[in-house]
Amino acid sequence: MRSGFTTELKSPPTTEASLAAALDQPPRVRSFRTKLTLLVALAVIVPSLLACLILGGQLDRQTRAIFASNLAAQLETFTLILGNNENSLAKGVVRTAADNTLQVTLDLGIATQLAHYLDQQRGVLEIDFLAAYQLDGKSISYSSAADEPGRGQWRIARTVDNVGADCAVARQPLSITICDGVAYLTSLQPVDRRQDANRGDAATGNPAGERLGYLLGGVRVAGPALIDALRQRQITFPAIWADDWVVYANLPVEQPLELGTADHPAQQYTIAGETYLGAAKRLEIGGQRLTYGVLAPLAPLRVSLAKSVLTVVGAGLVLAILTLIALSFIANRISRPIQLLREGAARIGAGELDRRLDIHTGDELEALANQFNRMAADLQTSYAGLEHKVEERTAELSEARDAAEGALRELRTAQASLIQAEKMASLGQLTAGIAHEIKNPLNFVNNFASLSNELLGELKEIAAPAIAGLDANKRAEIDETMELLSGNLERIAEHGKRADGIVKSMLEHSRGGSGERQAVDLNALLEESLNLAYHGARAQDQGFNITLERDFDKAMKPVELVPQDIARVFLNLFGNGFYAANKRAHAPNGDAAFRPVLHVATHDLGDAIEIKVRDNGAGIPPAIRDKLFQPFFTTKPTGEGTGLGLSISYDIVTQQHGGTIAVDSEEGKFTEFTIRLPRTAKATATRATI
Amino acid sequence: MTVSILVVDDEPDVPDLFRQRFRREARQGTYVLHFAASGEEALDQLAGEIRPELIVILSDINMPGMDGLDLLREVKQRRPELPVMMVTAYGDDERRRRAAEYGAIEFVTKPVDFDLLKSQLQQLSNNPT
């Protein structure tokens, strides 16, 4: 496994402190590795130990059970051997008692033959002793090995009370008798004369079927044959006792052992400090108890058991240690990439967006790391994109704000010009109304002034003869008065005419849309107006001169307008321009090199057209720019301008043609009027008529 | 031959002005000037006998009550042959058009050019309709 971090790109700003905090912060719970180790240790070791314990206990029980069944089997074998002995003894004695030879020998009382017979028969029957008794119990003959205990002491008990002991045999087919310190299994059988015997019984005088005596046979309860048989059957520790007397035990058993119950054939005994397991059985033989058991020491069992348990536990421990080692390796293998993932997440969380994980485990963790890397890359991209977007949005917002502010400015300008237009319109209407009201009385003034002058002339003619008759002084006085009166009347007429001119101009405001709109070659109209204005100015003032500059848009298409009205506007603007430029040329302390210039330009804007009239005169002070289009506002000396030229021009451009007129100026440099007219009449407002 | 002219105007100075302007003609016996201050008064005078023969009515248009154009229509109903000249300070197209429609022979804008008016009157008196 190859693991580690690789730094590929320049890191974005990282908060080192937060990274350190994220990495150094100990996990609130144990690390994944510890948890995994603990978990698997618990999962493996605890069951192992439990299994050992259970297995040990189970083993113990199983071993004891096996032991017990083994003991039971031994006991069964013991029983079989005993039973076999018993059976062969009883059958042998019965068979011998019925033997004709014995009967005959007894009947005839041939002692030597009897002894010989008993020896022979004892060998056939393989018993320890065989004896014959008379009816009164007196021993007739006895056969046994020479060293056999109880030799010659065997007797037949008279009563039941003292049977079984002291070599006194009970009168019953089978009994246990102790004689000379050795327990015997004895069988006592009566020997009767045979019914069919025909051997000259008269000689003895015993009738047929008469009892002849008794035959007693016995084997040691724990004789060498039995012990040998038991040993052959691998019954190592047999024990036999009759009533309370221990017959045989190759262990230091002093007293009969407590018998195990039927349910627990294997009992635990402590003999001379050693613990044995044992099983015992009881036999009733001739009213006597014969108890026999098998024993086995527990120690070897315990040792082997302990060995088994130790082997199991040892194997368990080895397994656990191997498991822990493997676990440590596996946990490391699993937790290392997880640790790397955690670190990577912490670093990315702290802002190191260029961090990538290098995990090649070929499993879900590698897939997770790859996914993590993709996520980090996406995060990095979207972070960069986000910054870019924020910039973009900021720029867009800024643009939108600028646009909104621009729109607001335009709106305010439009509002201002609307207010101005409204003001101008009402001023125009007012002007026209005033003009009408003044016109009638002014007509009277002019008419009566003119009439009065006529009348004065008539008076002079009529009064001439009378005046001629007066003295020179009076005549001179009358003549002078007449002259003054005539002069005054002329002045009244003159000023009346001036006022009439003003009124006529004022009435232009309400002249009504007399002219029809028609498609006009604007450039030609401008040229015509320019010539008219120039020659008009030259006619008034011989010394007047100005340079005319034309910058006409050659692609200008015909424009719908009222040519005579627009021509008035042009004439007015040209006149103003001539006046301003010329005034600067003739200024008292002006520049001698100054050349008055009037520049006229047109532009076809598609839906609209634009005309610019620019002069290089003294310019218009900002303070009076707002008043330019108001009626009666003029900067010319009294009598030179009515102050209505621009006001009427304004009406014609805005009201009649739905256009705009604006002024731009810089003092001492230039004044430029810009007229913008819609190409067609669609937006033209109808003009109020008075 | 002396003929009459009826001038209809609500301005009180109009009769003086016309009398002074036409003083020579009055003195020579060319015209006799009659004046009415309103349309109603003019119709009253027309109903009576105007001596000598009335050759023309000069009427203002803006007058309180019956205005000049209403008077023109009335006159044209009663005396269709009688020429009527409209004299007004308002020389706008609409009034001019209506005056012509109702049958005015002339539309004179104020201030009145009396020399021109006199020549027009001369023509009327020379060629009575």
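This is a predicted model: local features need pLDDT of at least 70, side-chain atom pairs count only at pLDDT 80 or more; totals for chains, interfaces and linings use all residues.
Let's start with the overall make-up of chain B. It has 6 helices and 5 strands, and reading along the sequence you get β-α-α-β-α-β-α-β-α-β-α. Of its 129 residues, 50% are buried. Take the contacts between residues at least 6 apart in sequence: 68% of them join residues at least 24 apart. Chain B exposes about 6400 Å², with 46% of that supplied by carbon and sulfur atoms.

Now for the sheet. The 5 strands form an open sheet in the order β2-β1-β3-β4-β5 (chain B), and the pairing is parallel. At the edges sit β2 (31-36) and β5 (106-109) of chain B, each pairing on one side only. From one strand to the next, the twist averages 20°. Strand β4 (residues 84-88) of chain B runs parallel to β5(B), and 4 bridges join the two. Thr88(B) has Thr109(B) in β5(B) as its bridge partner.

| Helix | Strands involved | Angle |
|---|---|---|
| α3(B), residues 39-47 | lies across β1(B), β2(B) and β3(B) | about 130° to β2(B) |
| α6(B), residues 114-126 | touches β1(B), β2(B), β3(B), β4(B) and β5(B) | about 145° with β3(B) |

Over in chain A, Gln74(A) is found in helix α2 (residues 32-97). Is Gln74(A) buried or exposed? Gln74(A) counts as buried because its relative accessibility is 12%, and buried means under 20%. Setting aside neighbours within four places in sequence, Gln74(A) is in contact with Gln234(A), Ile235(A) and Val294(A).

Key. Residues are numbered from 1 along each chain as its sequence is written. Chains are lettered from A and ligands numbered from 1 in the order in which they are written. Side-chain values use heavy atoms; hydrogens and water are left out. Buried means under 20% relative accessible area, exposed over 50%, partly exposed in between (1.4 Å probe, protein chains only). Contact means heavy atoms within 4.5 Å. Accessible areas come from the Shrake-Rupley method with a 1.4 Å probe; for residues, only the protein chains shown count as cover. Two strands pair if DSSP finds at least two bridges between them. Axes are lines fitted to C-alpha atoms, for helices over the stretch in contact, and angles run from 0 to 180 degrees between N-to-C directions.
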